[in-house]
Amino acid sequence: MVSDRDDQAYGKNKGGKLVMRDLNREDRVSEFHKAMGMDRNTVLNLELIDLRMKLIQEEVLELKEAADRIGGLLWYHKAVTPEHKAHLLKELADVQYVISGFADAFGLPLQVAFNRVHESNMSKLEDGKPVKRDDGKVLKGKNYKPPILLDLVQ
Ligand SMILES: [Mg+2]
């Protein structure tokens with residue numbers, strides 16, 4: 001049996017079979033927040049900012065622990081197990097989830113902002129080539145255009 005909530009995440013394919021709909025990341029997190037009765041689309045406020053930042057910090061710490069574990073394995077064994085890779089992947093997804101959660105809590109259109117930041121990042125190419133710092137960080141080329149996001153929050 002599919003509940004009302006599930007109806008948003010599931011649909012029927014051509015054969016009438018119930019399949020998971022292709023929701024984007026933000027829609028899925030939004031679905032989670034609705035299901036869990038968490039704050040959504042609220043005005044910015046200190047309490048909720050504190051909570052959302054705490055969640056992000058906790059998940060970033062877990063990601064760091066997973067990455068450190070991988071670093072240790074590579075150092076001592078020159079190899080990583082699929083289980084450790086899967087754990088790293090889980091922690092990356094968790095960080096992504098709480099970042100999307102921050103946006104959903106305050107009704108910030110993160111997907112649109114992300115697309116604009118991507119477009120801006122692509123403008124860092126200079127004559128079709130990346131300009132990089134010694135450590136590999138991509139720098140802004142002469143054609144760089146910063147993302148315009150102000151219209152998303154008015
Ligand atoms: Mg985690």
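**View 1. Helix 4 and its cover.** The buried residues of helix 4 are covered by parts of the protein that include helix 2, helix 3 (46-77) and helix 5 (110-122). Two residues are in contact if their C-beta atoms, placed from the backbone, lie within 7 Å. Glu91, Ser100, Gly101, Asp104 and Ala105 are the buried ones in helix 4 (buried: 20 or more other C-beta atoms within 10 Å of a residue's own). Helices are DSSP runs of H or I, at least four residues, numbered from the N terminus. This is a predicted model, in which local features need pLDDT of at least 70, side-chain atom pairs count only at pLDDT 80 or more, and totals for chains, interfaces and linings use all residues. Residues are numbered from 1 along each chain as its sequence is written.

**View 2. Helix 2 meets helix 4.** Helix 2 (residues 25-35) packs against helix 4 (residues 82-105) at about 75 degrees, and their axes are 9 Å apart (axes are lines fitted to C-alpha atoms over the stretch in contact; angles run from 0 to 180 degrees between N-to-C directions). Helix 2 is therefore roughly perpendicular to helix 4 (65 to 115 degrees). Helix 2 brings Arg25, Glu26, Val29, Ser30 and His33 to the contact, while helix 4 brings Gln96, Tyr97, Ser100, Gly101, Ala103 and Asp104.

Notes: Helix = DSSP H or I, 4+ residues; strand = E, 2+ residues; numbered from the N terminus. Parallel < 35°, antiparallel > 145°, perpendicular 65-115°, else oblique. Buried ≥ 20, exposed ≤ 12 C-beta atoms within 10 Å, placed from the backbone.
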